[in-house]
Amino acid sequence: TPPKISVDFDQSTGVAVMYMQSPPVNSLSLDFLTEFCINVEKLEMDKSCRGLIITSGQPKVFSAGLDIMEMYGKSPERCGEFWKAVQDMWLKLYSSNMVTIAAINGSSPAGGCLMSLTCDYRIMADNPRYSIGLNETQLGIVAPFWFKDTMTNTVGHRTTEISLELGLLYSPSEALKIGLVDQLVPEDQVLATATQNMSKWLTVPDHARQITKSMMRKPTIDKLTSNREADVQNFVSFITKDSIQKSLRMYLEMLKKKRG
Ligand code: CO8
């Protein structure tokens, strides 16, 4: 199978661009997450890499979020393994020493939104067909506390409360208004704008920026690292419930119908 991630590292600027290319919608499967984490770790360990831009190599979609098929009809063991990989992705990105910028060139629901939220800065394509948000409740599932915390840290408590309870997906202009993304640009300028912003972020001395980032994020990260196993158990017992499986099935059917 072809790689689901391709990385373009520019030695002269110290900036890597990571393209997600898992057709059709960059859904976050166990294989995808494993490959993703290996790539992030490699860049993290490379002292010459100071910045990471994450974008999609697929049209119209940044990432469709967690692969629903990984949560449907799978054994508890497999679900547990999958959830550890989701935790890993979040922990690696949210605590990264690199400057991370999400170049959101398509829709970005649920896990895709979470991935964007782990970045230091978000630039989204100004296309009203695209949407972004933590829509978990719409699937009959519940965004875990660390999804919620990441959103709260970005847009504040009240907006997160409304957004999560209703499972809202926002248009780019609404997302900008609530601070879910930082900047909107025409679709063909998303990556170029990310690169320009990256240069600005990289003028700040790394050590000062890194310590500051860690100061802002450490309490949120510690909450999960000290509770990882319980969080896995919690996910597995929730997702394997008959009633939750039924909700997921209905959502999957709705996705297919919408298409046909
Ligand atoms: N997982 C698996 N398959 C998916 C997913 C997904 N997340 N999203 C789309 N697909 C599939 C579709 O079913 C379709 O399959 P097929 O070709 O067999 O019909 C194919 O991908 C293409 O999808 P679309 O035709 O819908 O493509 P569009 O370009 O029209 O739309 C969207 C792209 C906007 C991404 C749309 O597909 C969409 O809205 N997808 C659903 C996104 C979603 O709701 N994701 C939520 C996942 S849950 C999550 O991320 C966090 C869960 C936290 C767990 C908490 C539990 C305790």
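Predicted model: local features only at pLDDT ≥ 70, side-chain atom pairs only at ≥ 80, totals over all residues.
# Reading the ligand site and pockets

Reader: Which other polar backbone atom is 2.9 Å from the ligand, and which side chain has an N or O atom 2.6 Å from an oxygen atom of the ligand?

Author: A polar contact is a pair of N or O atoms within 3.5 Å. A nitrogen atom of the ligand is 2.9 Å from a polar backbone atom of A64. The side chain of Y251 has an N or O atom 2.6 Å from an oxygen atom of the ligand. The protein covers 81% of the 1100 Å² of accessible area that the ligand has on its own (Shrake-Rupley method, 1.4 Å probe).

Reader: How many residues surround the ligand, and which are closest?

Author: A residue counts as near if one of its heavy atoms lies within 4 Å. Here 29 residues surround the ligand, and L66, I68, Y251, K258 and R259 are the closest. By class, this shell has 19 nonpolar, four polar and six charged residues (Ala, Val, Leu, Ile, Met, Phe, Trp, Tyr, Cys and Pro are nonpolar; Asp, Glu, Lys and Arg charged; the others, Gly among them, polar). Helix 10 gives the largest share of the shell, five residues (helices are DSSP runs of H or I with at least four residues, strands runs of E with at least two, numbered from the N terminus).

Reader: What space does the ligand take?

Author: Rolling a probe the size of a water molecule over the atoms shows where empty space is left. The ligand takes the space of the largest pocket (a pocket is an open set of points on a 1 Å grid over the protein atoms alone, where a 1.4 Å probe fits, with protein on both sides within 12 Å along at least five of seven lines; lining residues have an atom within 4 Å of a point). A molecule sits in a pocket if more than half of its atoms lie within 2 Å of the grid points. The largest pocket holds about 1600 Å³ of space (the volume filled by probe spheres set on the points, which are joined across faces, edges and corners). It has 44 lining residues, with V25, A64, I68, Y251 and L255 closest to its centre. Helix 10 supplies the largest share of this lining, seven residues. The lining divides into 27 nonpolar, nine polar and eight charged residues.

Reader: Which residues lie nearest the centre of the second largest pocket?

Author: C119, D120, K213, M216 and R217 do, out of 15 lining residues. About 330 Å³ of space lies in the second largest pocket. Helix 8 gives the largest share of its lining, five residues. The classes are five nonpolar, four polar and six charged.

Reader: Where are the cis peptide bond and the positive phi?

Author: The bond from P23 to P24 is cis, with omega near 0 degrees. P24 lies in the loop between strand 2 (15-20) and helix 1 (30-45). K60 is not a glycine, yet it has a positive phi of about 70 degrees. K60 lies in the loop between strand 3 (51-56) and helix 2 (76-94).

Key. Residues numbered from 1 in each chain as written. Heavy atoms only, no water. Polar contact = N/O pair within 3.5 Å; in protein donor to acceptor, adjacent residues only side chain to side chain.
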